[in-house]
Structure formats: C-alpha cells, structure tokens
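Hi everyone, thanks for making time.

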Amino acid sequence: VRTQLLALYDLKSVDSEVLEVERQAAEMPSQIEQLERQVEVVRLEVGQLNTELEAQIRQQTEIEGQISEESAKHQKWKRRLMDIRSPREYQAMSREIETGERQVRELEEHLLALMADTEQRKKVVDERHERLKGEEDRVRQAVEVLREKERGLTKKAEEIRRGRERIVSQIEPQLLKRYEQIRKARKGVGVALLKDGACLGCQMKLRPQHLVEILRFESVEQCPTCQRILAHEVLLADRNLNERPAASPPLA
Ligand SMILES: [Zn+2]
C-alpha cells in the first residue's frame, strides 16, 4: 500500500505539472493575438490619417483648378473691358472683376493654409508610419519568442507524459482507475497530502479514528469530504530519508 500510495502521489505531481504546462501553453495564442491587436490599432490609425491626408490633397488640387479657372475668366473680362463704351456697363463689369479677384485671393489664402496643414499632416503620417514599422518589428520578435516558448512547453508536456507512463506501470489497474475517476471529478487532482491531521486537498480535519486507520497503511483511504486519495506526510518523509544518502555525493 505504501508503494502504491507513493506512486499515486508521484502521479498526482506529474499530472499537476502537465496541467500547469498545458495551462501556460494555452495562454500563448491569446498573448500573440493581443500583441497583434496592438499593432492593428496603430495600423488603422495610420490608415485613417493617410485617408484624411489624401482627401486634403484632393481638395487642394480642386482649389488650384478653381483659382486658375477663375483667373482665366477675369483675364478675359479685363480684355473685354477695353471695348466697353458705356460707362455704366464698364462700371458693372469692373465691379464684377473686382469681386471675382477678391474671391480668388480668398481662395489663395485658403490654399496656402491648406498647404501648410498638409505639410504638417505629412510629417505626422511619416512619423506614425515609422512608429508602425517599429511596432511591427517589435511584435514580430515578441510573437516569435512566444511561439518558441509554446513549442518548448509542448515538448516539456510530452516529456512529462513519458515519465508518467513509467509511474503508471507501477500502479495496480483498479487503483489507477479509481485515481482517474477522482481526478476527473476534482479539478484534475486525485491525490491529496494528509498533513497535521488535515486533508490538504480540501483543508478538512480527519477523525482521529480514521487517522489511526490510515497510518496502518493497510488500505488506500480517501478523504471523506473531497474523496481524494490520501497520502500521509510520513510516507514522503520516510522516502526522503531513504533517498537522501543515495542522492548526496560521498564526503571527501
Ligand atoms: Zn479532502
């Protein structure tokens, strides 16, 4: 019973380790996704700024077209002005030219302001674009690190599983079945350490009578509360005592 309990305890440790490694490995995809989302935010921002910039450049071109069209019209009117004999008509035409030219000056002022603003925007877009490239590089590297970590964890889980098979071969099939059932029902943990008279799986104190029975090591006992198989602390303490001389190097 002692050997079986120790093997079960080792199996529990291995299974917990696998669970932990798998939990860590399972976090990797969401971490990668989160990093890529960060870049996507910057990419969208740059795209938006670029769209605005392009719209403004189109607006500039439109105004430039308007200015040259209007100016050509005014030139034509001015030439026609020479031929006008009637003073009233002359005055009306002059006023119209004047108004038109004022409008053109306003357009030119507006265009200058736009051009200055466009320059500013171009600078911002360039700068953001640089930042985006930096961010993309950073994330690419970070993702590579995470992928590598994921591969490492997967490999580690495989190694642990191979070690598990060795332990499993030492456990009686019936007992192993019982362990697996408890494990399934109890968040992946089928064995609990019994320390200071309490089950460390659920923290409940055991009846003294039950403790006495357990210490006889005649049967595999379960915690009455959480049903986990109980491994008494003395088992581990004994094993540590037995293993210590073998593990430590001989004294010189
Ligand atoms: Zn318990």
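Let me start with a term: buried means under 20% relative accessible area, exposed means over 50%, and partly exposed is in between, all with a 1.4 Å probe and protein chains only. Now, where this comes from: it's a predicted model, where local features need pLDDT of at least 70, side-chain atom pairs count only at pLDDT 80 or more, and totals for chains, interfaces and linings use all residues. Residues are numbered from 1 along each chain as its sequence is written, and side-chain values use heavy atoms, with hydrogens and water left out.

Okay, the zinc site. Which residues are the protein donors of the zinc ion? They're Cys199, Cys202, Cys223 and Cys226, each through SG, lying 2.2 to 2.3 Å from the zinc. By donors I mean N, O and S atoms within 2.8 Å of the metal, or 3.2 Å for Na, K and Ca; water is not among the atoms, so sites may look incomplete. Along the chain, the spacing of these donors reads C-x2-C-x20-C-x2-C. Cys202 sits in the loop between β2 (198–199) and α4 (208–216), and Cys226 in the loop between α4 and β3 (229–232), so this pair ties together parts that are 24 residues apart in sequence. Cys202 is partly exposed at 23% relative accessible area, while Cys226 is buried at 3%.

What about the geometry? The 4 donor atoms subtend angles of 104 to 114 degrees around the zinc ion, which makes the arrangement tetrahedral. For four donors, that label needs all angles between 85 and 135 degrees. The ideal angle for four tetrahedral donors is 109.5 degrees.

On to the strands. Two strands pair if DSSP finds at least two bridges between them. With β3, β1 pairs in the parallel sense over 4 bridges, and Ala192 stands opposite Leu230 in β3. With β2, β1 pairs in the antiparallel sense over 2 bridges, and there Lys195 stands opposite Ala198. β1 and β2 form a hairpin with 2 residues between them, and Asp196 in the turn has a positive phi of about 50 degrees.

Last topic: salt bridges, meaning a side-chain nitrogen of Lys or Arg within 4 Å of a carboxyl oxygen of Asp or Glu. How many are there in the whole structure? The search finds 24. One of them joins Glu45 and Arg128 at 2.6 Å, N to O. Glu45 is in helix α1 (residues 2–81) and Arg128 in helix α2 (residues 87–168), so the pair ties together parts 83 residues apart in sequence. Glu45 is partly exposed at 36%, whereas Arg128 is buried at 19%.

Another one, Arg151 with Glu148, comes in at 3.0 Å. These two are 3 residues apart in helix α2, so about one helical turn separates them.

And then there's Glu180 with Arg164, at 2.8 Å. Salt bridges with shared partners join Asp15, Arg164, Glu180 and Arg183 into one network.

Conventions: Four donors count as tetrahedral if all angles lie between 85 and 135 degrees; four count as square planar and six as octahedral if opposite donors are over 155 degrees apart and all others between 65 and 115; anything else is irregular.
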